[in-house]
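Trainee: I am new to this one. Could we walk through it together?
Mentor: Gladly, let us have a look.

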Amino acid sequence: MRYLKLITVIFCLFFISALAFYFIKQPSYDIKTEGTLYVVNKASKDITVFNLREGKEVTKIFLEQEPHEATVLVNQNKLVVTNYGTPDVEGKSITVIDTKNNTIEQNILLGEKSIKPHGIISLPELNKVAVVTDVGNDFSVVNIESGVVEKRIATQQDFSHLLVHHPKKQLMYVANIKSGSVSVIDIVLDKVLKIIPIGESAEGIDVNPDGSEVWVTNIKENLISVIDTETNEIANKIDTGKEPLRLKFSVDGRYCLVSNSGDGTISVYNGNTKELVSNIVIPGKDNILDKLVLGNPRPVGILMHPNGQFAFVSNLSVGRVEVIDMKSFKIVSSIEAGAMPDGLALLN
């Protein structure tokens, strides 16, 4: 009986400690900066709209299908989201949202064979975005004002997932997961110029600000392939943490952040020397109590604030966005999001 009482007391103390630890460790937003952050939450099928200056959620925008990625058209005050869907209901469209009042304007069908749209970026041309699809393997240019798909170019590869636009040339680089490759597409000639083999599984992709290099993550071999954009050949390879899902260059190009989803870490590399500068461990990996209370971190999407001071990383498994100070390379704030946050966009 005495042992039972002792066990009960220990359990109660542990429960109280865990509860206190939970509330202390809840997302805390301690910075003030300009802009509105849009967090695409896959499982809850919504978008968290967060005011970065006031440090509070403005609203949630609810969608009919599971969204994955988003981009903003700054001059038009538009947010455009890819409707990826689920295995039961496959998405075939993108949603255009008016950011002035956070309401849905229209859904644009990409085509019957353009299934599971994922990667999306805004283009320099007015009212246009580029989208790639996991099924159908299309690269499409969409006019969001007219609702018309103006171009559709086959990537010639399988599971075309993410894309970047060269800052100085009319070229697109598309990462193809299942083919383990990058398609180089000329959007003036409307054709694939080259297929660059990367390895087992190419996913995260970004181009440095001067356009000289495209970096691509390989999530199975845990490395980055560095493509020289003059030759479109692999010039270097960099070891990463486990399962590097995404990467993003800093505004000035000095650094590149990589989300190692299998490690729960964010690696920071020097953009010139390719050396590892810092390895940021997301809370939840430190001890058993951390894991129980905070969940096992799984960093995915990365977004750089245009002011260059902060980076935002979606923490998929625990419903948070981690805010990283780009000077100290430390997590300085967290933002509560919906279920399974993934894509990120920001409007100043």
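Mentor: One term to begin with: a residue counts as buried when its relative accessible area is under 20%. Keep in mind, too, that this is a predicted model.

Trainee: What share of the residues of the chain count as buried?
Mentor: The chain has 348 residues. Applying the cut-off of under 20% to them, the share that count as buried is 57%.

Trainee: Where is Asn102 found, and is this residue buried or exposed?
Mentor: Strand E6 spans 90-98 and strand E7 spans 103-109, and Asn102 is found in the loop between them. Its relative accessible area is 17%. Buried means under 20%, so Asn102 is buried.

Trainee: What is the phi of Asn102?
Mentor: Most residues other than glycine have a negative phi. Asn102 is not a glycine, yet its phi is positive, at about 55 degrees.

Trainee: Which loop holds Asn137?
Mentor: Asn137 also has a positive phi of about 55 degrees although it is not a glycine. With a relative accessible area of 15%, Asn137 is buried. Its place is in the loop between strand E9 (128-135) and strand E10 (138-143).

How values were computed: Residues are numbered from 1 along each chain as its sequence is written. This is a predicted model: local features need pLDDT of at least 70, side-chain atom pairs count only at pLDDT 80 or more; totals for chains, interfaces and linings use all residues. Side-chain values use heavy atoms; hydrogens and water are left out. Helices (H or I, at least four residues) and strands (E, at least two) are DSSP runs, numbered from the N terminus. Buried means under 20% relative accessible area, exposed over 50%, partly exposed in between (1.4 Å probe, protein chains only).
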